[in-house]
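Visitor: I am new to this structure. Please show me how to read it, one feature at a time.

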Amino acid sequence: MLRIAVPNKGMLSEPAWNMLAEAGYRLRTNPRQLVVQDPDNDIELFYLRPLDIAVYVGRGAIDVGITGEDLLKNSGTEAIEHLPLGFGASTFRFAAPNESPISKLEDIQGKRVATTFDKLVQDYLTDHGIQAETIHLDGAVESSVQLGVADLIADVVSTGTTLRNAGLRVFADPLMHSEACLIRSPRLDSNDSRLAVLSRRLRGVLTAHQYVLMDYDIPISKVSAAVAVTPGFESPTISPLHDKQWNAVRVMVPKAKVNQLMDDLYEVGARGIIVTALQASRI
């Protein structure tokens, strides 16, 4: 069986569970359940702490896992990023008190930096020739400055509301941009057939999230112009209609551009334009 690890909590957990469910895999039915057997798909699903997934995968105890790029980099393991998953986007940044003179990367020299991602931060500072003390904290690091433990923090930032409420401001360039990814063990061949099936299924879910199916009718004389607006992947499907002056077109288009494409098609001469959501795909 292919052993797959997913986060048992945190911001990546539910999107990861949903993606696997949409890909046809069995999930737990009890929140206390930590291991799920799915013999129909020949997998064993493990619910683990987000910080531990890269460690298990890197050591080969787990074949593949879903985690964040930041967590992978901070783990220092040999786990390999295999496939970006398009969710859980975050930015990792430095933040200092509003009244602090710290305002650029060089100002961190000799300071104390509180973070949950101490290896990631230390590697970044070393690469930029800066010596500073990294202080590892497992919980919310925003309070560390107020409590006198650190001079600044390095943490994941989304809206920045939490930082502002703690009297902190971001500065300098981001340390990294991160998103969820599928990682694999160095002991698992990248061409393993089980990994190939999992990857195809996850890519199919990603495509279904990003694209929709568009159908429309178009005069035969305007088919070329309409296809130029919606070229699809390889090519649209074009079928004759009862009225021999018209064709029906079916094509996949980016979900984010649906309304603009509908407007453009209408201007070209398309009518009866409808859009259908995708549940799954193999491209």
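**Reading the model**

Guide: Begin with Asp42. Its relative accessibility is 34%, so Asp42 counts as partly exposed. Buried means under 20% relative accessible area, exposed over 50%, and partly exposed in between (1.4 Å probe, protein chains only). This is a predicted model: local features need pLDDT of at least 70, side-chain atom pairs count only at pLDDT 80 or more, and totals for chains, interfaces and linings use all residues.

Visitor: What is the phi of Asp42?

Guide: Most residues other than glycine have a negative phi. Asp42 is not a glycine, yet its phi is positive, at about 55°. Asp42 sits in the loop between β2 (35–38) and β3. Strands are DSSP runs of E, at least two residues; helices are runs of H or I, at least four; both are numbered from the N terminus. Ala172 also has a positive phi, near 65°, without being glycine. Ala172 belongs to strand β10. With 24% relative accessibility, Ala172 counts as partly exposed.

Visitor: Is Ser178 buried or exposed?

Guide: Ser178 has 6% relative accessibility, so Ser178 counts as buried. Ser178 too lies in strand β10. Its side chain reaches the backbone nitrogen of Asp70 at 3.0 Å. That is a polar contact: a pair of N or O atoms within 3.5 Å, where within protein one must be able to donate a hydrogen and the other to accept it, and residues adjacent in sequence count only if both atoms are side-chain atoms. Leave aside neighbours within four places in sequence, and Ser178 is in contact (heavy atoms within 4.5 Å) with Gly68, Glu69, Asp70, Gly88, Ala89 and Ser90.

Visitor: What is the strand order in the open sheet of five strands?

Guide: Two strands pair if DSSP finds at least two bridges between them. Here the order is β8-β7-β9-β6-β10, with mixed pairing. β8 (133–136) and β10 (168–178) are the edge strands with a single partner each, so one side of each has no neighbour in the sheet. From one strand to the next, the twist averages 30°. Look at β7 (residues 112–115): four bridges join it to β8, and the two run parallel. Arg112 stands opposite Glu133 in β8.

Visitor: Which strands does helix α4 lie across?

Guide: Helix α4 (residues 118–127) lies across β6 (90–97), β7, β8, β9 (152–157) and β10. It runs at about 95° to β10. Such angles run from 0 to 180 degrees between N-to-C directions, with axes fitted to C-alpha atoms, for helices over the stretch in contact.

Visitor: How many residues of strand β1 are buried?

Guide: Five of the six residues of β1 (residues 2–7) are buried. Six bridges join β1 to β3 (residues 43–48), in parallel. Pro7 has Leu48 as its bridge partner in β3. β1 also pairs with β4 (residues 64–68), parallel again, over two bridges. There, Ala5 stands opposite Gly65.

Visitor: How many residues has helix α6?

Guide: Helix α6 (residues 193–210) has 18 residues. It reaches 26 Å from first C-alpha to last, close to the 26 Å expected. The expected span is 1.5 Å times one less than the number of residues. Asp192 caps its N-terminal end, with a side-chain oxygen 2.8 Å from the backbone nitrogen of Arg194. An α-helix has 3.6 residues a turn, so residues three or four places apart point the same way. Among the buried residues of α6 are Leu195, Leu198, Leu202 and Val205.

Technical notes
Residues numbered from 1 in each chain as written. Heavy atoms only, no water.
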